[in-house]
Amino acid sequence: MNKIYRLIITGAQGQLGRSIQALASSYPSIEFVYTDVKELDICEPNSLDRFAETLMPKLPTLVVNCAAYTAVDLAEGESEIADRLNHQAVRLIAESCQRLGYMMIQVSTDYVFDGAASRPYTEDAPTNPLGVYGRTKRLGEESIVQTLGFRGLVVRTAWLYSPYGRNFVLTMLRLADERKELKVVADQIGSSTYAPNLAEAIVRIAQQSLERGAFSRPYLHYTDAGVCSWYDLAYYTIKRSGKTKCTVLPITTQDYPTPAARPAYSVLSKEAIRADYDIEPRHWTDGVDSLLKHLALAGKDQTK
């Protein structure tokens, strides 16, 4: 009989949390427990300890923290709120996991880097966040590693989108119905990530690591494969959706100033996740195609 493991998902109503829920039935050896702020307020000290008392029977358990403050521009004026969610709450969860004997995966971001590189960032590359969002996420990363060692893992991702909630790709599809022209930044280079692909990678990592009792290293990177700009992502999305009445035009970062600075180059290396967990990311264009197919099947046809 296969051993049963438990995954506690925080922020379960967000893009990544909902993507994990959608694939859970494919993992019969895992008991998934979904929480949001009503069930588990991660900002409250000892909240995970109290929540754990309600879970029976006791099983090898891993917490996947999908909760975060992700409003990059608003964070510049709401630094205390961003720090509370992205740093202090992460530390509290990690400390609870240490007491409970749980493992933990913390989802982080390419924004911990400054974008000055010209080759994909490896997990051990020096960090240098440009804004409040990146700085608070970096502090959260350090909390995990310092508290849990190899029982904690930081998975950095980038440019996340999904069929759920609000994100760049869904916004482009909506605006293409409202406007004849879209101007999108073409000089910020990275890799987009379809949240269901990241969800699959995280659950596979969690299952393998629970079996081993530890993670292979403290940091891993996961995005979809390939390289693109925001313009490339928007252009491909609109083209594949068939919304040909809308033209997508490239502009520069200077043409579209924002409160928070973005890294000009934030491609993340995926060599470690391939080597450690045999996970091969799909190309970013496949992610867009999968999203459009999902929307069509869900009766929210965005292709016409």
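**Stop one: a pocket**

The second largest pocket has a volume of about 150 Å³. Here a pocket is an open set of points on a 1 Å grid over the protein atoms alone, where a 1.4 Å probe fits, with protein on both sides within 12 Å along at least five of seven lines; points are joined across faces, edges and corners, and the volume is the space filled by probe spheres set on them. Bear in mind that this is a predicted model, where local features need pLDDT of at least 70, side-chain atom pairs count only at pLDDT 80 or more, and totals for chains, interfaces and linings use all residues. Residues are numbered from 1 along each chain as its sequence is written, and side-chain values use heavy atoms, without hydrogens and water.

Next, select the lining (an atom within 4 Å of a point): Ser19, Ala22, Leu23, Ser26, Pro163, Tyr164, Tyr194, Pro196, Ser290 and His294. H1 and helix H9 (284-297) each give two or more residues, and H1 has the largest share with three. Helices are DSSP runs of H or I, at least four residues, numbered from the N terminus.

**Stop two: H1 against H6**

Now show H1 (residues 15-23) and H6 (residues 195-212): their axes, lines fitted to C-alpha atoms over the stretch in contact, come within 8 Å and cross at roughly 65 degrees. That makes the pair roughly perpendicular (65 to 115 degrees). Among the contact residues (heavy atoms within 4.5 Å), pick Ser19 and Leu23 of H1 and Pro196 of H6.

How values were computed: Axes are lines fitted to C-alpha atoms, for helices over the stretch in contact, and angles run from 0 to 180 degrees between N-to-C directions. Angles under 35 degrees count as roughly parallel, over 145 as roughly antiparallel, 65 to 115 as roughly perpendicular and the rest as oblique.
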